[in-house]
Each structure stands twice: as structure tokens, then as C-alpha cells.
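Here is a short briefing to keep beside the viewer.

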Amino acid sequence: MAASEAVTARLSAQAPGPGFGVARAAAAERLSAMGLPGRRDEYWRWTDPAALNTPEVAPAAPEPAEAPLFAEVNSLKVVFVDGVFDADASDDLAMAGVEIARLALEEPAWATGLYGTLEEAGQTPVKRPFGALNTAQATDGLLIRVTAQAEKAINLVYVHKSEASDPILHHLIKLEEGAELTVLETGPAGARFNKAMEVDVAKGARFHHIRVQGAEQDRRAVTHIFARVAEEALFKSFTLTVNGKLTRNEAYIDILGDDAVAHIAGAALGDGKDGPFHHDDTVFVTHAGLRGESRQVFKKVLKNGALGTFQGKIWVKPGAQKTDGYQISQSLLLDDDSQFLAKPELEIYADDVKCSHGSTTGAIDDTALFYLRSRGVPEEEAKGLLVLSFLADAIDEIEDEALKEEIVARLEDWLARHR
Amino acid sequence: MATQETDIREGVDRETVETVQNMGSYKYGWETEIEMEYAPKGISEEIVRLISKKNDEPEWMLEWRLQAYHRWVEMKEPDWALLDLPKIDYQDLYYYARPKSMVEKPKSLDEVDPKLLATYEKLGIPLKEQMILAGVEGAENINLEERQVAVDAVFDSVSVGTTFKEKLAEAGVIFCSISEAIKDHPELVKKYLGSVVPQTDNYFATLNSACFSDGSFVYVPPGTRCPMELSTYFRINAENTGQFERTLIVCDKGAYVSYLEGCTAPKRDTAQLHAAVVEIVILEDAEVKYSTVQNWFPGDEEGKGGIYNFVTKRADCREPRAKVMWTQVETGSAITWKYPSCILRGDDTSGEFYSIAIANNYQQADTGTKMVHLGKNTRSRIVSKGISAGQAQNTYRGLVSMHPRAKNSRNYTQCDSLLIGDKCGAHTVPYIEVKNNSSRVEHEATTSKVDDDQLFYCRARGVGEEEAVALVVNGFCRDVLQALPMEFAMEAQSLVAISLEGSVG
């Protein structure tokens with residue numbers, strides 16, 4: 001099939017959602033121009049996009065739901081079942097200082113000129129075809145405008161019910177000057193899930209994001225975060241991924257203002273015994289403002305043929321002096337069959353900066369294991385402890401202690417089940 | 001110019017300023033006036049046949065070249081490097097240029113055209129079997145017996161002479177031009193040529209396979225420690241000429257050789273192409289050290305001219321316990337595209353890569369290494385120091401790959417970048433592929449600017465600004481400079497200072 005035919009087939013597989021006609025048409029055009037990705041594309045060399053490219057979705061059977069996360073957190077819960085908003089299961093979409101609209105129903109004036117623009121900005125210098133596809137086709141999602149400090153978190157719960165579901169969700173979040181919001185995300189969402197989140201963080205605003213990607217084995221997901229961070233603003237995102245046949249998490253964070261901070265972290269655990277595990281983090285952080293601070297902390301624990309990849313970049317634009325950029329990607333290979341492929345990049349066009357990156361791969365440290373064993377800790381428990389300590393740097397990026405504890409508990413549970 | 005500012009600011013006398021200015025310019029930018037013989041411009045099957053004929057090659061060699069040529073025609077120039085690459089017209093340059101006096105190959109060095117000998121004399125590489133790298137301070141104190149270096153001198157498309165051939169032959173070492181080797185040692189060349197860098201490895205290597213005109217050949221027999229260092233000195237002299245040389249080094253079981261490579265070219269307004277291939281085969285327990293000081297003309301302050309340097313260098317540690325060490329000091333070339341690599345095929349083999357890459361003015365460098373771990377217990381170490389100044393872009397690009405079979409292997413990578421000025425760029429693009437868990441891979445990279453405190457300290461003690469920067473930069477490069485053979489280390493140290501001239505102030 002010719003490249004353009006493949007794009008047309010992919011675009012016509014689902015009807016686009018309503019509203020944002022101009023932005024959707026522009027995105028469809030972008031996608032047609034860049035084509036769907038292939039293995040020969042530099043940023044897809046380690047992840048085969050074939051299963052994401054096909055117009056039809058490969059079926060994935062929903063698994064029994066796990067105990068819900070963040071049940072105790074004071075939050076406004078919004079449920080999507082196979083990508084469709086579920087009013088009965090969701091809370092009332094009303095909160096002081098926060099306007100929430102549904103992409104499937106409305107096109108608020110504030111969103112018209114914004115929808116798709118951050119995604120478009122994220123297409124240079126690297127093409128992100130599934131981001132453009134998302135803008136063009138998304139059928140549902142939330143349009144959230146925050147004007148003050150939100151009194152509670154927005155808790156997005158994704159439920160996978162149909163084995164052929166192929167949802168495309170797009171959330172657009174705009175934090176006005178000095179506003180603050182926490183967004184939580186959990187669940188597997190569908191057999192194949194394409195999600196984009198555009199986050200515009202204005203001056204002095206603070207955005208926190210904690211995501212737990214579902215434990216379902218057969219699901220495939222491709223997600224994008226496109227963020228723009230203004231002066232003195234803060235952006236923080238943490239993702240925990242456990243299992244999943246294919247997960248590609250892309251992030252493009254543009255630090256535009258001076259004195260802005262952006263941290264993005266991820267912990268992924270894969271056990272090939274449950275089925276194939278392929279996890280890909282592709283992260284771009286660009287610095288255009290002065291005195292910006294960025295951190296990328298990505299950790300992976302892999303066993304039984306699980307595969308993890310990391311492609312990260314700190315891109316310091318000319319004039320972004322006094323940038324402090326840090327990036328670490330590490331993986332712990334628990335056996336000989338698992339693989340870690342990494343490309344930690346720096347691209348720097350300003351001289352008065354401090355940028356560093358590190359990447360390590362290896363097995364559990366025998367000396368540390370021996371130390372714990374010699375103090376009477378059973379081997380499996382000792383290994384679990386060492387895995388947790390390996391992941392600590394990523395988990396520490398979560399500021400809220402209660403949320404952090406929930407994540408750690410989920411991790412401990414996973415480790416106990418995968419000894 | 002920074003030196004003129006110094007003049008006004010501190011009232012340094014005119015003589016000192018001139019001395020500094022002269023020191024700062026590219027020393028090797030002069031040209032030898034000599035009658036040349038050219039093949040017609042451009043590349044075609046006829047030109048490939050012509051080069052083969054000029055070298056008096058056997059049929060199999062011509063076939064080999066033609067295979068490469070036919071493949072090259074179908075290939076595309078790679079565009080993945082972080083280089084702003086001007087369009088190269090491959091039909092607008094000479095692929096073969098030799099001094100007329102070389103048409104009849106001289107039988108010994110005494111018969112070589114005195115003009116050519118004078119050229120190398122002036123470059124500090126006298127083609128006499130007595131002294132080595134002249135112009136190196138302290139060289140006269142070195143025990144000459146121990147520090148002899150055999151030189152193969154390549155001038156445009158041909159090798160003009162090889163020194164110490166007889167002495168090396170006594171030890172069983174073959175050191176000659178590759179064109180001679182094809183005639184005199186076809187069995188060795190047939191066996192190893194293209195076995196590390198296949199004919200059609202990449203665009204530039206394929207072009208080289210089709211049209212390489214000369215280069216050096218080394219064979220060190222089993223159990224032999226090569227009695228002296230070997231070196232090849234490449235000089236591009238003719239205008240609009242590409243240099244395509246091929247080096248093949250075979251180090252047999254238990255042997256050892258240290259090999260040096262130097263290169264310079266005249267200053268010209270138009271860019272010139274250089275596409276070389278170096279292949280190294282290292283057998284059981286053998287060891288090769290390969291050091292390069294690459295000082296091709298880098299182009300002028302406005303970025304005009306300079307050499308486009310596209311080089312494929314690869315060492316194959318084919319059998320157990322083979323060792324290779326690449327050391328490179330890259331100060332020249334307008335564009336550098338070069339990734340000396342190690343294939344660690346045998347068990348317990350090891351590869352090391354030490355690199356200093358300096359890019360000033362409008363230079364662009366995309367350079368690094370590949371460490372492919374295939375055997376068990378293999379070790380590799382990468383130390384790369386990139387320095388950018390002026391408007392230059394400097395990229396480290398590397399691959400560390402641990403195959404599933406490469407159990408208990410180890411890699412350590414350290415890439416540091418130093419930026420001098422706010423118009424330049426420093427980039428790091430490492431690829432890390434780990435496919436077993438008994439191996440450990442560590443990668444670290446930092447980017448920083450010249451430390452103000454260190455500069456201030458030097459300045460406070462009366463060290464001039466440029467000299468202070470050179471001192472700090474030399475400190476930054478120390479790990480790599482220490483890995484170089486002594487004469488090269490001294491040359492490299494002063495080169496570091498010269499390459500950065502004009503970047504401060």
C-alpha cells in the first residue's frame with residue numbers, strides 16, 4: 001500500500017469527533033504529509049509501529065479489573081468506558097475555578113485557537129504521526145480550563161470492556177496564570193488506545209500529573225503529552241506502567257518562559273511471563289527560557305524477555321542560558337532474556353548551561369543482595385527491596401505523599417505477584 | 001580579532017602580537033608547486049578502470065572495484081548526521097592525481113623527486129631513515145633506536161615512498177603502499193580486504209572501494225612485536241581533487257603494532273573531499289594501537305574551503321584476547337564524519353576509544369565510535385571530549401551494543417562537551433543496546449563551559465586569556481592526551497591551543 005493510502009485508510013477507519021473543524025483538517029493534512037511511521041524512521045527503530053498503523057484493531061480481551069487506585073484521594077472522578085464518557089459512573093463536572101467541557105459535545109471559545117497547536121509545535125524536529133492522527137480524529141476527552149487553585153484532583157478512570165475498542169481521546173488543559181491542578185489517570189482504556197494531552201501552563205501556574213497505565217496484558221497504547229511551560233511555571237509528570245503488549249509514551253515539553261521547571265519521570269515493570277512486554281519512552285525537553293530546570297528520570301525493571309526502550313533528548317536552544325538539564329535512564333535486567341535499548345541525547349546551542357545525562361544497564365548488584373541476605377532477608381524479599389530502591393528516584397518525583405504511597409503499594413503488589 | 005584587542009587593551013608590543021598571530025594560523029596551508037597528472041574529472045566505470053590500470057592491478061581487484069561502483073551508483077548519501085552538508089558534486093572533482101615524477105615509480109627513496117621530499121621535510125616528516133617527527137621539542141633527547149618511526153607518505157592519489165622497509169622486513173613485518181601489496185601480496189590482500197568494512201558498507205566506504213587510489217598496508221606476523229612505530233602521512237596538494245585512500249592492517253596471532261596517522265592540506269577557498277577506509281584485523285592475543293592527529297585544512301574564519309572528511313574506520317578483534325585502541329585528535333576538516341569502531345568478536349577481546357574533537361569557526365564534526373560486543377567477557381571503554389567554539393557544531397555519536405551472546409561484558413562511556421562562546425553547539429547522540437543481563441553498560445555525559453574560576457586563577461597569575469583557555473582545555477582533554485604516543489601527545493597539545501585561536505574575546 002502506498003504511504004498516502006495507508007494514511008487515508010487509517011483516517012477513515014473511524015469518524016472524527018465533532019468541533020474544531022479547522023484544527024482537525026490541518027492535523028489530517030499534517031499526517032498525510034508525514035505519513036505513518038515505519039521501522040526505518042529514526043525514532044521507530046526499536047519499536048515496530050505496525051500494530052498501531054493498521055486501520056483495524058487487533059482484539060484484546062479485557063481482564064478482570066484491579067482494585068481501583070486513588071479511591072481515597074479527594075478527587076473529581078471522570079470515567080471513560082472504551083473511550084466514551086460514562087455520565088453515570090462520573091462525578092458532576094463542576095468545580096470552583098475549573099471549567100470542564102467534553103470534546104464530544106462542545107467547543108468552548110477558549111479552546112478553539114488552542115486545540116492542536118501544542119501538538120503541532122511538537123512535530124518539529126521529530127515527526128509524531130500518532131499525535132497528528134489524534135488531533136484529527138479524537139472522539140472524546142476533556143477540555144479543562146483552570147483559573148485558580150483547583151480544590152481537588154481530576155481523576156480520569158479508563159475502563160476497557162470491548163475486545164475491539166480503539167478509542168482516541170484528546171484532553172486539552174489550560175492553566176491560567178497562577179492556577180494549579182493535579183490530573184490522575186488510571187486504567188487500560190481499550191484494546192488499542194491513542195491518547196494525547198495538551199497542557200498549556202501559564203506564568204506561575206503549577207501542573208501535576210500522575211498516571212498508572214493499566215495492567216492488562218494484551219492492550220496496546222500510544223500516548224503523547226504536549227506541554228508548554230511559561231515563566232516561573234511548573235510541570236511535573238510521573239507514569240507507572242505495568243504490563244501491556246505495547247506502550248509508547250511520548251512527551252514533548254517546551255520550556256518557553258524564564259525560571260520554569262519541568263520534571264518528567266517514569267517507572268516501567270515488565271514480566272514476559274505474562275505475555276510480550278514492549279515499553280517505549282520517547283521524551284523531548286526543549287529549553288528556550290533562561291534559568292530553566294528540567295529533569296528526566298526513567299527506570300525500567302525487565303524480566304523474561306521484556307523489552308524497554310528510552311529515547312530522550314534535552315534540547316537547549318540558542319540563548320537559553322543558565323539551563324540546568326538532567327536526564328537519567330536506567331534499567332534493571334532481572335534475567336538474560338530481557339533487553340534495554342537507549343538513546344539519551346543532548347543537543348545544546350548555549351554555552352552557559354549545565355547539562356548531563358546518564359544511562360546504565362545491568363543486573364541486580366550481587367554485593368547488595370548478599371548484604372541483605374547476610375542480615376536475614378530472604379532472597380526474593382531482598383530482590384524486591386532492591387528493585388524498589390532502584391525505582392526510588394523516579395517515584396520521588398511525585399510530590400504528594402499520599403499519592404506516592406499508593407504508587408509504592410501498587411509496585412509492591414506487582415513485585416509480590418512476579419517473583 | 002582577539003589578538004588585536006589584546007594589543008590595544010594591554011599594550012603588548014607588536015612583535016609578540018605577530019608571533020601569536022602566526023602561531024595561530026593553519027601552519028600547513030601552503031602548496032607545493034609540482035607538475036601533476038590527472039585522470040579526467042568525475043567518477044564513472046571508465047575512471048574506476050583507469051585507476052585500476054594506473055595501479056597495474058590484477059583482474060580480481062578491478063572486478064572488486066566495479067562491484068562497489070555499481071552498488072554506489074544506486075546508493076543515497078546518508079543524511080542522519082547532525083551536519084549541514086552542502087551538496088557535493090561527485091562529478092566535479094578529480095579522483096586521481098599523481099605527481100608526474102611518480103609515473104615511473106622510483107625504486108628507492110633516493111630517486112624520489114626532491115620537491116616531494118622537501119614537501120614532507122617542511123611538514124616535519126622527513127622521509128629519511130634517521131629522525132622521526134622533527135620539530136617536536138625534546139625529540140633530540142630521545143633514544144633514536146627506540147623511537148624510530150617508519151613512514152608511508154601519501155601525496156594526493158599515490159604513495160611516494162615508505163621508509164625503513166628493509167629493517168621491517170628483517171622482522172617479517174610487511175609495510176608498503178596498498179598498491180604494492182595488491183601486486184606483491186595478493187593472497188593477504190584478497191583474504192582481508194573488505195573483510196572488516198565490506199565493499200558496500202556505507203555510501204562513502206562504497207565510493208572508496210570503487211576508486212581508492214592508494215594507501216598503506218601492514219602485516220605483522222605471528223608473535224612479532226613490530227620493532228618501530230609505523231605511520232602514514234596523508235597530504236592533499238592538488239586542487240579540486242578528492243583523496244580516497246585505503247589502509248589495511250593485519251596483526252597476526254600474538255603480534256603488536258602501533259600505528260600513527262597524520263594529515264594536512266593547503267588552504268583553499270573551495271572544499272575538497274576526502275573519503276578513506278581503514279580496516280584492521282586483529283587475531284588471537286594480538287594488539288593494535290591506532291592514533292590519528294587529523295589536521296586537514298578546516299576552512300577559514302568565514303567557513304570557506306576546508307576538507308570534507310568522510311571516513312570509515314573499523315577494527316575487527318576477530319579472535320580471543322585481541323585488543324585495539326583508537327586514539328584520535330580531530331582538529332581539522334570543515335566537516336568530519338567519522339566513527340572508528342570496534343567489533344569485539346572474540347571472547348575476552350577489548351576495545352578502547354579516546355577522542356578529542358575540536359570544532360572552531362564554522363567547522364562541523366559528527367564523530368564517535370561503535371563498540372559491538374559479540375564475544376563473552378569483552379570490554380570496551382569510550383572517552384570522548386568535544387570542544388566547540390565560534391559558530392561550530394560538534395556531535396558525539398556512538399553505539400554500544402551488547403549481543404545476547406556477549407555475556408559478562410562491560411562498557412564504560414564518558415562523553416564531555418565544552419562550549420566556548422554562545423554561538424556554537426555541542427551534542428551527544430549515544431545509542432545503547434543491551435541484550436543480556438550479565439553485562440554492565442554505563443554512559444555518562446556532561447556539557448559545560450570553560451570554568452570561570454579556573455580562568456580567573458590563571459589570569460590572576462599573569463597567564464594571557466587565550467593561553468589560559470588553552471590550559472583549561474588541555475586539562476579537560478588530559479585523559480585522551482595521555483593515551484597518545486609521546487610525539488603525538490606533544491603535537492596534539494599545541495594543536496589544541498592553535499585550533500582555538502581567535503575563539504576567546
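A:Pro125 sits in the loop between α5 and α6 (129–137) of chain A. The peptide bond that joins A:Thr124 to A:Pro125 is cis, with omega at about 0°. Please keep in mind that this is a predicted model; its scores are ipTM 0.88 and pTM 0.88.

- Helix α5 (residues 117–121) of chain A holds A:Glu119.
- A:Glu119 counts as buried because 26 other C-beta atoms lie within 10 Å, and the cut-off for that label is 20 or more.
- Setting aside neighbours within four places in sequence, A:Glu119 is in contact with A:Gly131, A:Ala132, A:Thr135, A:Ala196, A:Glu198 and A:Phe226.

**Chain A as a whole**

- Chain A has nine helices and 19 strands.
- Its radius of gyration is 20 Å, close to the 22 Å that the globule rule gives for 419 residues, so chain A is as compact as a globular protein of that length.
- Among contacts in chain A between residues at least 6 apart in sequence, 85% join residues at least 24 apart.

**Positive phi away from glycine**

- A:Phe20 is not a glycine, but it has a positive phi of about 50°.
- The loop between α1 (3–12) and α2 (21–34) of chain A is the place of A:Phe20, and this residue counts as buried because it has 24 C-beta neighbours inside 10 Å.
- In chain B, B:Asp156 also has a positive phi of about 50° although it is not a glycine.
- B:Asp156 lies in the loop between β3 (149–155) and β4 (158–162) of chain B, and it is buried, with 27 other C-beta atoms within 10 Å.

**The largest nonpolar core**

- In soluble globular proteins, nonpolar side chains tend to be buried together.
- The largest nonpolar core here has 263 residues, and the members that touch the most others are A:Val201, A:Ile253, B:Cys251, B:Ile282 and B:Val288.
- Strand β10 (residues 271–282) of chain B gives the most to this core, with nine residues.
- Not counting residues up to four places away in sequence, B:Ile282 touches B:Cys251, B:Val288, B:Ala315, B:Asp316, B:Cys317, B:Arg318, B:Ala322 and B:Val324.

**Strand β9 of chain B and its partners**

- Strand β9 (residues 256–264) of chain B is mostly covered, with seven of its nine residues buried.
- Strand β7 (residues 229–235) of chain B runs parallel to β9(B), and six bridges join the two; here B:Thr232 stands opposite B:Glu261.
- Strand β11 (residues 287–294) of chain B is also parallel to β9(B), joined to it by eight bridges; B:Tyr259 has B:Tyr290 in β11(B) as its bridge partner.
- In a regular strand the side chains alternate between the two faces of the sheet.

**Where the chains meet**

- The contact draws 31 residues from chain A and 29 residues from chain B.
- On the side of chain A that touches chain B, the elements giving two or more residues are β18 (339–348) and β19 (354–362) of chain A.
- The largest share of that side, ten residues, comes from β18(A).
- By type, the residues on the side of chain A that touches chain B divide into 13 nonpolar, nine polar and nine charged.
- β19(A) and strand β23 (residues 440–449) of chain B run antiparallel and are joined by seven bridges.
- A:His357 stands opposite B:Ala445 in β23(B).

**Confidence in chain B**

- Chain B has a mean pLDDT of 86, and 90% of its residues reach 70 or more.
- Over residues 1–13 of chain B the pLDDT is below 50, and this stretch has 13 contacts in the model beyond near neighbours in sequence.
- The pLDDT also stays under 50 over residues 130–140 of chain B, for which the model has 20 contacts beyond four places in sequence.
- Where pLDDT is low, the predicted coordinates should not be read in detail.

Conventions
Residues numbered from 1 in each chain as written. Chains lettered and ligands numbered in written order. Predicted model: local features only at pLDDT ≥ 70, side-chain atom pairs only at ≥ 80, totals over all residues. Core = buried A, V, L, I, M, F, W, Y, C linked by C-beta atoms within 7 Å. Buried ≥ 20, exposed ≤ 12 C-beta atoms within 10 Å, placed from the backbone. Helix = DSSP H or I, 4+ residues; strand = E, 2+ residues; numbered from the N terminus. Contact = placed C-beta atoms within 7 Å. Nonpolar A, V, L, I, M, F, W, Y, C, P; charged D, E, K, R; others polar. Pairing = 2+ DSSP bridges. pLDDT = per-residue confidence, 0-100. Rg over C-alpha atoms; globule rule 2.2 N^0.38 Å.
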